[in-house]
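Q: I've got a structure open and I'm new to it. Could you walk me through how to read it?

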Amino acid sequence: MSGGTTPALAATRAALAEVLAPVRSSGGRVAFVPTMGALHDGHAGLVRLAREVVGPDGAVVVSVFVNPLQFDDAADLERYPRTLDADLAVCAREGADVVFAPAVDEVYPGGPPQVTVHPGPLADVLEGASRPGHFAGVLTVVAKLFGLVRPDVAVFGEKDYQQLTLVRRMVADLCLGVEVVGAPTRREADGLAMSSRNRHLDAVEREQAAALHRVLAAAAGAASQGVPAALAAARAELREAHGVDLDYLAVTDVGLADLTATASLDELPTVPLEGRVLVAARVGTTRLIDNLPLVLGTTAADVRTTREGDS
């Protein structure tokens with residue numbers, strides 16, 4: 001379907017189904033990039049990856065929908081930037097075929113849904129601890145959008161790693177038949193993860209925010225020495241990070257099990273162990289999240305030492 005320069009704009013379920021019908025009838029695959037708009041170069045990378053996955057005969061659909069279910073503050077929902085014209089330009093530049101930009105009553109025609117997705121225990125930690133109910137709203141809208149778009153492939157950014165992990169778990173547990181692809185985080189020259197929230201930083205805060213990547217990189221650099229060394233390196237970098245108000249810093253396995261607070265320490269795998277280091281912090285009034293993969297040189301004894309040292 002790729003080849004045009006302007007993506008079709010669909011605002012309704014019927015329009016979306018109509019524009020995708022030729023692709024489906026010809027056997028082309030559909031790739032889906034769900035967003036809330038305010039697109040930046042990080043989103044552009046997701047669209048490019050989606051095009052690579054389905055090729056020129058497939059269709060790339062980008063949704064632009066600010067989902068009210070994942071906001072626990074009406075003011076935050078109201079403040080969220082709506083930049084549809086600019087978003088359409090990004091999608092056109094990156095080869096998207098369809099932009100699905102529905103109104104709230106198109107996605108939730110009966111008002112707030114009575115049946116929602118329960119995200120399970122992983123939704124109560126990290127981001128979930130700071131934003132109760134957030135992931136129930138995320139997974140509910142993702143499930144609904146999957147039902148509307150009916151994609152073969154969905155592309156999510158690794159910057160929202162907990163979200164990516166939960167979407168993969170939902171797809172597996174509910175047998176939704178969608179391939180979920182994670183795209184590496186795109187970064188500014190100083191390492192700051194690209195995010196629509198970055199526009200809220202003033203010049204001083206923008207410089208301070210770059211410390212988050214240094215914190216993560218320090219942990220990843222020391223990870224071969226084990227969990228305690230990774231955390232110590234990250235905390236040392238944090239002590240030098242002015243203007244950064246830490247929410248959490250965690251080292252986990254790839255499934256987000258916390259390696260510094262594991263109940264069955266003796267069951268931890270021996271080296272090497274692929275994991276993740278995650279951080280959330282406020283810089284000024286803006287809350288930012290980021291993460292990096294790491295490979296830990298860890299043993300159960302290493303982690304037990306960390307826990308005893310923190311107690």
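Predicted model: local features only at pLDDT ≥ 70, side-chain atom pairs only at ≥ 80, totals over all residues.

Q: Which stretches of the chain make up domain 1 and domain 2?

A: Domain bounds come from an automatic or database domain assignment. Here domain 1 runs over 8-183 and domain 2 over 198-301. Their C-alpha centres are 27 Å apart. Where they touch, domain 1 puts in 14 residues and domain 2 puts in 13, with contact meaning heavy atoms within 4.5 Å.

Q: How do I read the area buried between domain 1 and domain 2?

A: Buried area is the accessible area (1.4 Å probe) that two parts lose on being put together, summed over both. For this pair it comes to about 1200 Å², with carbon and sulfur atoms giving 55%. On the domain 1 side, Leu126, Glu127 and Tyr161 supply 48% of what that domain buries against domain 2, more than any other three residues.

Q: Which elements give two or more residues to the side of domain 1 that touches domain 2?

A: Helices (H or I, at least four residues) and strands (E, at least two) are DSSP runs, numbered from the N terminus. The elements in question are α6 (127-130) and α8 (161-173). Of the elements on that side, α8 gives the most, with three residues.

Q: What does the UniProt annotation "binding site" cover?

A: UniProt positions are given in the numbering used here, feature names are shortened, and annotations may be inferred rather than shown by experiment. In this unreviewed entry, the record's "binding site" covers Gln70 and Gln163. They span 94 residues in sequence, yet no two of their C-alpha atoms are more than 11.8 Å apart, so they gather at one spot. Gln70 sits in the loop between β3 (59-64) and α3 (74-79).

Q: Where is Arg150 placed?

A: Look in the loop between α7 (134-149) and β5 (153-157). Arg150 has a phi near 55°, a positive value in a residue other than glycine.

Conventions:
Residues numbered from 1 in each chain as written. Heavy atoms only, no water.
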